[in-house]
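Subject: Structure for you to look at

Hello,

Here is the structure I said I would pass on. Please open it beside this message and follow along; my notes come after it.

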Amino acid sequence: MLRTPNADRARMLRGIILNCLHVASQGQALYPDYSNKMGRDVLLMTLEKLASLTSNEELHATLNYLQGKQYIEVAWLNDGTGSFASIELLVAGIDLAEGTTQDPGVTFRLRR
C-alpha cells in the first residue's frame with residue numbers, strides 16, 4: 001500500500017478527532033444529556049490547542065469519513081455553508097478509540 005504524507009495526515013486527523021471525543025466523553029459532559037457529543041467550537045478550539053487545526057475542506061472530509069464508517073454522527077447545518085453544529089461519538093467509534101477494533105484509515109498517536 002502506497003503511503004503519502006496527505007494520506008498519513010488524514011489518518012492521523014481522524015484519530016485525533018476520535019480521541020478528543022472519547023477523552024471528552026470520559027469526563028464531565030459538555031452536553032449533560034449527551035456525554036458523547038461535542039460542539040463545533042469546542043472541537044475547533046481543541047484541534048487548535050493540539051496544533052492540529054486544519055482547513056474546513058479537510059475537516060469536513062475527515063468528518064464525512066468518520067460518519068460514513070459510523071464512528072460519529074455529524075449534525076450538519078442546512079444553511080448552505082456546509083458547516084456543522086456538533087459531532088457525537090457512536091459505539092463503533094468508542095470501540096475504535098479503545099483499541100478493540102481497528103481501521104487502517106485511522107491512526108492514533110502513541111499513548112504514553
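In what order do the three strands of the open sheet lie? The order is β1-β3-β2, and the strands pair in the antiparallel sense. Please keep in mind that this is a predicted model.

The sheet

Strand β1 covers residues 37–39 and strand β2 covers residues 72–76; these are the edge strands, and each of them pairs on one side only. On average, neighbouring strands of the sheet are turned by 20° against each other, with direction ignored. As background, strands of a sheet pair through backbone hydrogen bonds, and the pairing can be parallel or antiparallel.

Strand β3 consists of residues 84–89, and its antiparallel pairing with β2 runs over five bridges. Two places to look at are E73, whose bridge partner in β3 is E88, and A75, whose bridge partner in β3 is S86. The antiparallel pairing of β1 with β3 runs over three bridges. On that side, K37 has E88 as its bridge partner in β3.

Helix α2, residues 40–49, lies across β1 and β3 and runs at about 80° to β1. Helix α3, residues 56–68, lies across β2 and β3 and runs at about 130° to β2.

Which residues of α2 are buried? They are L43, L44 and L47. Looking down the axis of α2, these buried residues fall within an arc of 95°, so they line one face of the helix. An α-helix has 3.6 residues a turn, so residues three or four places apart point the same way. The exposed residues D41, E48 and K49 are on the face of α2 that is turned away from the buried side. After α2 comes A51, which has a positive phi, near 55°.

A residue in α3

L66 lies in helix α3. Is L66 buried or exposed? L66 counts as buried because its relative accessibility is 0%, and the limit for buried is under 20%. If neighbours within four places in sequence are left aside, L66 is in contact with R14, I17, L18, Y71, I72 and V106. G15 is 51 residues from L66 along the chain, and the C-alpha atoms of the two are separated by 9.6 Å.

The rings

How many aromatic pairs are there? The count comes to one. The pair is formed by W76 and F84, with 6.0 Å centre to centre and 75° between the planes, and it is edge-to-face. W76 counts as partly exposed, at 27% relative accessibility, whereas F84 is buried, with a relative accessible area of 1%.

The ring of F84 also has a charge over it: the charged end of R40 sits there, 6.0 Å from the ring centre. Another arginine, R14, lies over the face of Y65, at 3.7 Å from the ring centre. R14 was also listed above, among the contacts of L66.

Regards

Note on methods
Residues numbered from 1 in each chain as written. Predicted model: local features only at pLDDT ≥ 70, side-chain atom pairs only at ≥ 80, totals over all residues. Heavy atoms only, no water. Phe/Tyr/Trp six-rings, centres within 6.5 Å; stacked < 30°, edge-to-face > 60°. Buried < 20%, exposed > 50% of the residue type's maximum accessible area, 1.4 Å probe, protein only. Lys NZ or Arg CZ within 6 Å of the ring centre and 35° of its normal. Pairing = 2+ DSSP bridges. Helix = DSSP H or I, 4+ residues; strand = E, 2+ residues; numbered from the N terminus. Axes fitted to C-alpha atoms, helices over the stretch in contact; angles between N-to-C directions. Contact = heavy atoms within 4.5 Å. Arc of directions from axis to C-beta.
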